[in-house]
Amino acid sequence: MSGLALFWRRFRRNTAAVGGLVVLLLIVGAAVFGPVLHPVDPFDMLGRPTQPPSARFLLGTDVSGRDILAGLLHGARVSLVVGIVASLAATVVGLLVGAVAGYYGGVIDNLLMRATDFFLTIPSFVLAIVIVAIFQPSIFTVTAAIATVSWPSVARLVRGEFIAQRDRDYVRACRALGMRDWEIILRQILPNALPPVIVVSSLMVATAILTESGLSFLGLSDPDVVSWGYQIGVGRSVLRVAWWMSAIPGVTILVTVLAINLVGEGLNDALNPRVQQR
Amino acid sequence: MTALLQVEGLSVHFDTVRGVVRAVEDLSFAVERGQTVALVGESGSGKSTAALSLLRLLPPGAGRIAGGRVLLDGRDLLALPARDLRQVRGAAVGMIFQDPMMALNPVHTVGRQIAETLHHHLGQRGAAAEARVVELLRRVQVPAPEQRMRQYPHNLSGGMRQRVMMAMALACRPSLLIADEPTTALDVTVQAQVLSLIDELKAELGMAVLLITHDLGVVWETAQRVVVLYAGRKVEEGPVTEILTRPRHPYTAGLLRAAEWREDGGRLAEIPGSVPSPHAMPPGCAFAPRCPLADDRCRAAIPPIRPIGPAHTAACFRAEAA
C-alpha cells in the first residue's frame, strides 16, 4: 500500500477530523466561489444600516448599510490566504533555522536559539501589533508580521527533531557515502523530521487566522479588504442593539479555527501512530 | 610497494569534564591491497572509534583526532580538505555498519538510497542508475531485486538490509571496505552468509577489508592479519594463524581462552577484572592489573611494541613467557 493510502486510512478513522475537514472544505469553497455566486461589493452601501437578516440581506447589513454576507465571503479569502501564507512562510523559516541549529549544534545552535528566544519571550500578539503599526497595514505586512511571530516555535520543534536524528547511524552512513551537509539535512533528515512539523504548521494556520482577526479588529488591517476581524470591530459599537453583526463573523472564525484544529489533530494521529493510543 | 591503507600513530582524544580520555593512542597498522585485516578488541577498546576516525566520521564534539596520519594510496585523509574527503568517502572507501536497520534511512526506498550513491559519485541517474541498482542488488544476492528496490528498509529482514548496505558501499567499487561489526546484529545463519559474501566480493573486486569485530570465530574465517586493541592501544599484531594459535600477549591469550568451546562443559575461562576506567589508567601497561604475568616493570612503564616473530609484534615485556 502506498504511503498516501495508508495515511488516508488512518486519518479516516478519526471522525472528528473528517468532520473538521468537511467544514474546512466548505469554508474554502465559500471563499473561492462565494464572491462569484454572490456578486456584491462588500464596501457598497446598499440599504438601511443595521438591518437584521432578511430575504434581501441574508445576514443583515452593518452600521454603514453594507451587506454582511458579501463581507463574510470576501473576508474568508483574506483570512484563509493570510493564515495559510503566514504559516507556510513561518514553517519554511522555522525549518531552516531549526535544521541548521540542530544539525550543527555548538556555537551556531547557540546563536540561532538565542535569536529564537528573543522572539519567544515577547508576547507574539503585541509584537505583531508593533510590526504592523511600524509598517503600513496591508495584506503583505499583516502576513509578514504573523509569520515573524510564528516561526520560532517551528524552529524549536525542528531543532529537537534534528538533534534526535543527527547521531543516528543512517546519517553517519550518509556521511560515509560522501554526502554534503545540505544534502543530508534536506534529503535525508528532513523527511524524517517532517510529520510533527506538518501537524504544528496546520495548527498554526488557525492561530494565524485568529491573530489576523485580532489585528483587523483593532483596525490594523488592509483598508482595502474586508476581513472577519474588521467586521467584528465594526459591529462592536452596536453590540447591544445588533448582536448578530459581531456574532456572525465571530462564529465564523470560531468554526474555522475549530475545523482546522480538528484536522490538525487528525493529521497528528495519522502521522504519529505511536501517540495515538491514549 | 606501499600498502593501500597505512595508519601511523593515530590518536583520538575525547575532552570530558573529568579530563582527556585517550580513546585511541598511537595506533599504527597497515592494510595491503586485497587483504582482510581484523581490528579486534572488547567493547570500549576503541576499535570503532579508530574505524570512524579513518574517514573523519566522528560526530563533532564527541572526539578529536589528536594526531597521526591515515594514508590511503599515499594521501593523508586526516589532512584532506572536506571537499576532497567527500570524494573518498563512499567511492574509494566504502563502509558498512553494525545495525543495518539503523544505518538505512527509514523514509526512502532501498533502491533510491543505492541510486543516491551512484548519482553522487558517478553522476548516474534515471534508467542507467536503476539498471545498476538492480545489478548491484543481484550481486549482493538479494532475490527479486526489481521488487526489493521499491521497498522500504522496514520491509526487509536484517540480512537483506545488510546486503543493501553492502550494495551501497560497493556501488563505486571501493578499494577498501571498512566493516564495523557487520554481523553482530544478525542471526548466526545469516552471519555466515554475509561473511562469505564479503569474501566473494573482496576477491571479485580485489578490494581490501578492514573488519572491526570482537568475534574471534569471524576473524579466523575471514582475516589474514589481526590487530588486537586494548584500552585504546595496539597490544599485538600478526598473521591470523600466529595470533590465534600462538598469541604472545597475555590479553590475546585471555581472549582466546574466553572464546574457547569447552567440550567438557567446564566453566568459561574469563579474564579476571575489567577494562580500567579511561579516567584512571594505570601508569604502566593497561592490562597489568588483570594480567597473570605482570611484574613490577609492567606496572611502572608502558611496554613498547616490539617484533617477536616474523611479521608478529606485541606490546608486552613478558611476551616470551606467554
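How many helices and how many strands make up the secondary structure of chain A?

## Chain A: overall make-up

Chain A has 10 helices and 0 strands. This is a predicted model. Read from the N terminus, the order of elements in chain A is α-α-α-α-α-α-α-α-α-α.

The C-alpha atoms of chain A occupy a box of roughly 75 × 45 × 30 Å along the principal axes. Chain A has 278 residues, and 45% of them count as buried. Contacts in chain A can also be sorted by sequence separation. Among those between residues at least 6 apart in sequence, 70% link residues at least 24 apart.

## Where the chains meet

The contact between the chains draws 17 residues from chain A and 23 residues from chain B. On the chain A side, two elements give two or more residues: helix 7 (169-176) and helix 8 (181-217) of chain A. Helix 7 of chain A supplies the largest share of that side, with 6 residues.

## Chain B: the open sheet

In chain B, 4 strands form an open sheet. Their order is 2-1-4-5, and the pairing is antiparallel. Strand 2 (19-31) and strand 5 (75-76) of chain B are the edge strands, each pairing on one side only.

Strand 4 (residues 64-72) and strand 5 of chain B run antiparallel and are joined by 2 bridges. At strand 5 of chain B, Asp76(B) is the bridge partner of Leu71(B).

## Chain B: helix 6

Helix 6 of chain B covers residues 158-170, which is 13 residues.

In helix 6 of chain B, 12 of the 13 residues are buried, so the helix is largely enclosed by the rest of the structure. The buried residues are Gly159(B), Met160(B), Arg161(B), Gln162(B), Arg163(B), Val164(B), Met165(B), Met166(B), Ala167(B), Met168(B), Ala169(B) and Leu170(B).

What covers these buried residues of helix 6 of chain B? The cover includes two strands of chain B, strand 6 (93-96) and strand 7 (176-180). It also includes helix 3 (110-122), helix 4 (126-139) and helix 7 (188-205) of chain B.

Methods:
Residues are numbered from 1 along each chain as its sequence is written. Chains are lettered from A and ligands numbered from 1 in the order in which they are written. This is a predicted model: local features need pLDDT of at least 70, side-chain atom pairs count only at pLDDT 80 or more; totals for chains, interfaces and linings use all residues. Two residues are in contact if their C-beta atoms, placed from the backbone, lie within 7 Å. The expected span of a helix is 1.5 Å times one less than its number of residues. A residue is buried if 20 or more other C-beta atoms lie within 10 Å of its own, exposed if 12 or fewer, and partly exposed in between; C-beta atoms are placed from the backbone. Two strands pair if DSSP finds at least two bridges between them.
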